[in-house]
Amino acid sequence: MTAAAALRALHHGPGLPLVLPGPWDAASARVFADAGFPALATPSAGIAASLGYEDGATPPDEMFAAVARITRAVDIPVSADVEAGYGLSAKELVGRLADAGAVGCNLEDTDHTTGTLRDAHQQADWLAQVRAEAGDALVINARIDTYLCGVPDSDETVRRGRLYAEAGADCVYPILAPPPLLADLATAIGLPLNAVVTADGPTPRELGALGAARVTFGPGLQQRAMAALTGMAERVREELGVEAS
């Protein structure tokens, strides 16, 4: 079984929800792999922060290089958050992902030039092109940004999800959809649904019970790690009697 096929199969059980930690570098990837997780999903915002960029501002070459370092560090499947595709053609994007060793990707439907939702049919056409280029060698997680972009409309979310399913997506990701809606959205769209863990939201297990087949963390794990590091730095500073700058 190929790595992409293995990752795709994990979305359908038996151990649902599929919980995918989000490594931001090779060291964190090894930690999650050694802990026994079957696959990983990189967060673009977490990698951006680790490289010193704002979310959405990472140069594509640096993003793909970071993903490649992560995939080289582990022997489990890795899915990469490549935002809206960086303006690459479907052929270029699939090639860059393959070169980086990723067997899955997130592709979001926000138009970053306007900060609004991209036309759903245009996004579906783009996803279909990616599918045609990749064949079955890439697990496509189609992110639906309705709730993120201030369009809290379940009907629109389902419409987009169905279009993306027809285009060949393996999974849909209505980011920040209200947890009580997850089961209905998954049923209406007909694909495994990805939900994100938030600081004040349900746990991964609870998200699974609510209808999520796949659970990711966005930049949350990187942010928690940095918070722990900040606490360590403060304790060292206090021990040394160094005043904060």
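Two strands count as paired if DSSP finds at least two bridges between them; helices (H or I, at least four residues) and strands (E, at least two) are DSSP runs, numbered from the N terminus. The model is predicted: local features need pLDDT of at least 70, side-chain atom pairs count only at pLDDT 80 or more, and totals for chains, interfaces and linings use all residues. Residues are numbered from 1 along each chain as its sequence is written, and side-chain values use heavy atoms, with hydrogens and water left out.

**Exercise 1. Determine the strand order of the open sheet and state which strands stand at its edges.**

Step 1. The sheet is open and consists of five strands with parallel pairing, in the order S2-S3-S4-S7-S8.

Step 2. Strand S2 (40–41) and strand S8 (171–174) each have a single partner strand, so one side of each is left without a neighbour in the sheet. These two are the edge strands.

Step 3. S2 and S3 run parallel and are joined by two bridges, with Leu40 opposite Val78 in S3. Three bridges link S3 to S4, also in parallel; here Asp81 has Asn106 of S4 as its bridge partner.

Step 4. Five bridges pair strand S4 (residues 104–108) with strand S7 (residues 139–144) in the parallel sense, and Leu107 has Ala142 in S7 as its bridge partner.

**Exercise 2. Describe the two directions in which the residues of strand S3 point.**

Step 1. In a regular strand, side chains alternate between the two faces of the sheet.

Step 2. In strand S3 (residues 78–81), Val78 and Ala80 point one way, while Ser79 and Asp81 point the other way.

Step 3. All of these residues are buried, where buried means under 20% relative accessible area, exposed over 50%, and partly exposed in between (1.4 Å probe, protein chains only).

**Exercise 3. Locate Arg143 and characterise its surroundings.**

Step 1. Arg143 belongs to strand S7.

Step 2. With a relative accessible area of 11%, Arg143 is buried.

Step 3. Contact means heavy atoms within 4.5 Å. Neighbours within four places in sequence aside, Arg143 is in contact with Leu107, Glu108, Asp109, Leu148, Tyr164, Tyr173 and Ile175.

**Exercise 4. Identify the residues that touch the most other members of the largest nonpolar core.**

Step 1. A nonpolar core is a set of buried Ala, Val, Leu, Ile, Met, Phe, Trp, Tyr and Cys residues joined through side-chain atoms within 4.5 Å.

Step 2. The largest such core has 60 residues, and Leu93, Leu97, Val130 and Tyr164 touch the most other members. Helix H4 (residues 60–73) gives the most to this core, with seven residues.

Step 3. Apart from this core lies another, of eight residues, including Leu7 and Val103.

**Exercise 5. Find the cis peptide bonds and the positive phi values in two loops.**

Step 1. In the loop between helix H1 (3–10) and strand S1 (18–19) lies Pro14. The peptide bond from Gly13 to Pro14 is cis, with omega near 5°.

Step 2. Pro17 is in the loop between H1 and S1, and the bond joining Leu16 and Pro17 is cis, with omega about 0°.

Step 3. Tyr86, in the loop between S3 and H5, has a positive phi of about 60°. Tyr86 counts as partly exposed, at 22% relative accessibility.
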